[in-house]
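Open the structure in the viewer and keep the selection tool at hand.

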Amino acid sequence: ARLCYNDAILIWTENKDGFDTLWVKQLSENKVKPIALPKGVYQVSCADKSTAISVRINGPTTPGHIYVVDAQSGYSEVVYRPTMAGISPNKLVTPLPISFPSQDGITLYGLLYLPETSKGTQNQSFPIVIDVHGGPTAQARPSWSPLTQYLVGKGIAVLDINVRGSTGFGKTYMRKDNQEKRLDSVRDLVDAINYLKADPRI
């Protein structure tokens, strides 16, 4: 959270399923509103003498658009677009947040990237790669990933999984693989495979 414009405006981001939402609160009026921006992970900054907010968006379809948002009106404008080296953003895939139960009753989370279904094809299924983030206390988020987009473009689905121990889902979830519980997070991968076997898209 940051105080902006002579401490008159409070801004912060909220992480839900890895996707950020930017919120703005006018402290004098006690008004809170979300700002509509493209999906992704945000880096925000603001000034003491201006209502302008700078937002860098790293998302599944962009390595780094930069927006300027007016904190009072909510109006946003793109001030920088990456060249994308000729790649069309329309061919890139935004993941679907998913959740499923583990064998011991814990809810597990992930981001599922699915290739486009071929025209005229029904009930098409795809091979899949399960991507496990490092850390281990980190979170798979919908940020720019050339390798993921390459695989999806080749017709291979990707599950970016957040096994227990990942951040972004509360302290209790983050501590679920501490010390002697570490192998529980490895078993989460088995549960992910079993869950995906029942998905007709995979």
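Select R182 and D177: their side chains meet in a salt bridge, 3.2 Å from N to O. A salt bridge here is a side-chain nitrogen of Lys or Arg within 4 Å of a carboxyl oxygen of Asp or Glu. R182 is partly exposed at 37% relative accessible area, whereas D177 is buried at 2%. Buried means under 20% relative accessible area, exposed over 50%, and partly exposed in between, with a 1.4 Å probe and protein chains only.

This is a predicted model, where local features need pLDDT of at least 70 and side-chain atom pairs count only at pLDDT 80 or more, while totals for chains, interfaces and linings use all residues. Residues are numbered from 1 along each chain as its sequence is written, and side-chain values use heavy atoms, without hydrogens and water.

Next, select R201 and D199, another salt bridge, with the closest N and O atoms 2.8 Å apart. R201 is partly exposed at 31%, and D199 is buried at 8%.

Now go to D188 and R164, whose closest N and O atoms are 2.9 Å apart in a salt bridge. D188 sits in helix α3 (residues 182-197) and R164 in the loop between β12 (157-162) and α2 (171-174), so the pair links parts of the chain 24 residues apart. Helices (H or I, at least four residues) and strands (E, at least two) are DSSP runs, numbered from the N terminus. D188 has a relative accessible area of 0% and is buried; R164, at 4%, is buried too. The structure holds 7 salt bridges.

On a 1 Å grid over the protein atoms alone, a cavity is a set of points where a 1.4 Å probe fits but cannot get out; a pocket is an open set with protein on both sides within 12 Å along at least five of seven lines, and lining residues have an atom within 4 Å of a point. The largest cavity holds about 30 Å³, a volume being the space filled by probe spheres set on the points, which are joined across faces, edges and corners. Strand β10 (107-113) gives the largest share of its lining, 3 residues.

Then select the lining of the largest pocket, including W144, P146 and Y150. This pocket has a volume of about 180 Å³.

Finish at V79, in strand β8 (residues 76-80). V79 is partly exposed, at 48% relative accessibility.
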